[in-house]
Amino acid sequence: MSTHKFSPESLMMSHGYNPELSEGAVKCPIFQTSTFEYKSAEEGKAFFEIAYGLREKGPKEELGLIYSRINNPNLEILENRLCLWDKADDCAVFESGMSAISTVLLEFLKPGDLLVHGNPLYGGTDHFIEHFLPTIGIHTLSVHPDESYEDILDIIEASGKADKLAMIFLETPANPTNAIVDIESYKQICKHFSTDDKEVLLTIDNTYMGPLWQHPFQFGADLIVYSATKYIGGHSDLIAGAVLGNSELMPRVKTLRTFLGNMLSPNTAWLLLRSLETLKVRMTQQTENAQQIAAFLAQHPSVEKVNYLGLLKEGTEAYTIYKKQCEAPGAMISFDIKGGEKEAFKFMNSLKLFKIAVSLGSTESLVQHPITMTHAGVDPVHRERMQITDKLIRLSIGVENAKDIIWDIDQALDEI
Ligand SMILES: *Cc1c(COP(=O)(O)O)cnc(C)c1O
């Protein structure tokens, strides 16, 4: 039927690429070039008029290829494909997740503005918000998953800067505890503080779930950011980031990217195009494995508590939010081992298949100890509140055979 609409996973091998423009090559080549030749001086002039906003684009006119800091086919094809999963108007890819996040914060926050952010946040994001933004006069305020909608309104009002609120930045589910918050109610908070001439934006770091298992635009998010180093790249062999949003906000993100010069390289974009072809199968297998592993951990006598979305209890608030917001529980598990750092380290050192490493979402299973590794720099008061203790261990489950992963965990727990 001519009306059939292909799913994103079916389009990852073709969308946005025209083989006729590349000698019939089935696979998109790497456009390893800094600059692009114009057919004529007039064409070059026309491209620059659009790039610099000197006139409106014609009805069918596209921005021509100018220079790889502004645009490059590998980046554009990757951006078009990433848009499909989250149903975004536009996407911009960056040389790291941190450059995606810092560019968004720098573009949409001005001196005097207030940024409200959730907790816990990725360590690098937390550092940029707490230590860099204040140096350029941006005020920051942190909120926690255990605070209600009314509590947060009160906290923002009490800051005395409610009229300066410009953005709320959240991660849900949070790393490493999988604490989840209701995106829609944060959107309500943004609306509450928006005025006719100032819209408070909601930005979600969707790295932990996405782009398959959670689609924040459906719940009112204005911008989505990713560390593409994680599930999207999926092979622990590259660093990259992405921002998605609507056609009003994204040109601003892309313009700042042009001038910061922190766009992705064509080579890494090409690797990500390859990764996207298997994103659905990888994430599906990882999630299937993780469900089995979480169930195994939950019944093990050496394990005190398992934090996994697939184990949330019906009737709890977290379960209700999870059911509304997420399409699957993902492959990130954390758990409290009986004991403390000594037992945790003994377990980690005894694993044979898992690698002790930070990062997540890749084909291989990884283990790390948040309090001494990813969250070593987080304020101890915050850590305690988020239940990041010396017994907490984080697992990122890969695509290995689930039986082998369980065998490995079982034998390592026996070593304690
Ligand atoms: C890794 C990560 C980042 C940072 O991404 P990089 O690609 O390492 O720069 C940001 N947010 C989350 C949730 C992450 O896991």
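The questions and answers below walk through a predicted model, with its ligand, its nonpolar core and some of its loops and helices.

In this predicted model, local features need pLDDT of at least 70, side-chain atom pairs count only at pLDDT 80 or more, and totals for chains, interfaces and linings use all residues. Residues are numbered from 1 along each chain as its sequence is written, and side-chain values use heavy atoms, with hydrogens and water left out.

Student: Which residues come nearest to the ligand?

Tutor: Let's begin with the term: a residue is near a molecule if one of its heavy atoms lies within 4 Å of it. There are 14 residues around the ligand. Those that come nearest are M98, D205, S227, T229 and K230.

Student: What is the distance between an oxygen atom of the ligand and an N or O atom in the side chain of K230?

Tutor: Good one to check in the structure, along with two others. A backbone N or O atom of M98 lies 2.8 Å from a ligand oxygen, and a polar side-chain atom of S227 also has a ligand oxygen at 2.8 Å. For the side chain of K230, the distance is 2.7 Å.

Student: How much of the area that the ligand exposes when taken alone does the protein bury?

Tutor: Accessible areas here come from the Shrake-Rupley method with a 1.4 Å probe; for residues, only the protein chains shown count as cover. Taken alone, the ligand exposes 380 Å². The share of this that the protein buries is 94%.

Student: Which helix gives the largest share of the shell around the ligand?

Tutor: Helices (H or I, at least four residues) and strands (E, at least two) are DSSP runs, numbered from the N terminus. The largest share of the shell is three residues, and these come from residues 97-108. That stretch is helix α4.

Student: How many residues of the shell around the ligand are nonpolar?

Tutor: Ala, Val, Leu, Ile, Met, Phe, Trp, Tyr, Cys and Pro count as nonpolar, Asp, Glu, Lys and Arg as charged, and the others, Gly among them, as polar. The shell has five polar and three charged residues. Its nonpolar residues number six.

Student: Which residues touch the most other members of the largest nonpolar core?

Tutor: A nonpolar core is a set of buried Ala, Val, Leu, Ile, Met, Phe, Trp, Tyr and Cys residues joined through side-chain atoms within 4.5 Å. Buried means under 20% relative accessible area, exposed over 50%, and partly exposed in between (1.4 Å probe, protein chains only). The largest core has 66 residues, and those touching the most other members are L297, I333, F347, L395 and I409.

Student: Which helix contributes the largest share of this core?

Tutor: The core draws at least three residues from each of domain 1 (8-33 + 68-276) and domain 2 (279-414), with bounds from an automatic or database domain assignment. The largest share is seven residues, from residues 279-298. Those belong to helix α10.

Student: Which residue joins P211 through a cis peptide bond?

Tutor: There is a cis peptide bond between N175 and P176, with omega about 5 degrees, and P176 sits in the loop between β4 (165-171) and α7 (183-192). P211 is in the loop between β5 (201-205) and β6 (223-227). Omega is about 5 degrees at this bond as well, and the partner of P211 is G210.

Student: Is K87 buried or exposed?

Tutor: K87 has a positive phi of about 50 degrees although it is not a glycine. You will find K87 in the loop between α3 (73-86) and β1 (90-94). Its relative accessibility is 72%, so K87 counts as exposed.

Student: What is the relative accessibility of S236?

Tutor: S236 is another residue other than glycine with a positive phi, near 50 degrees. Its place is in the loop between β6 and β7 (241-245). S236 counts as partly exposed because its relative accessibility is 41%.

Student: With which residue does the side chain of H144 make a polar contact?

Tutor: A polar contact is a pair of N or O atoms within 3.5 Å; within protein, one must be able to donate a hydrogen and the other to accept it, and residues adjacent in sequence count only if both atoms are side-chain atoms. H144 is in the loop between β3 (139-142) and α6 (149-158). H144 is buried, with a relative accessible area of 7%. At 3.5 Å, its side chain makes a polar contact with the side chain of R385.
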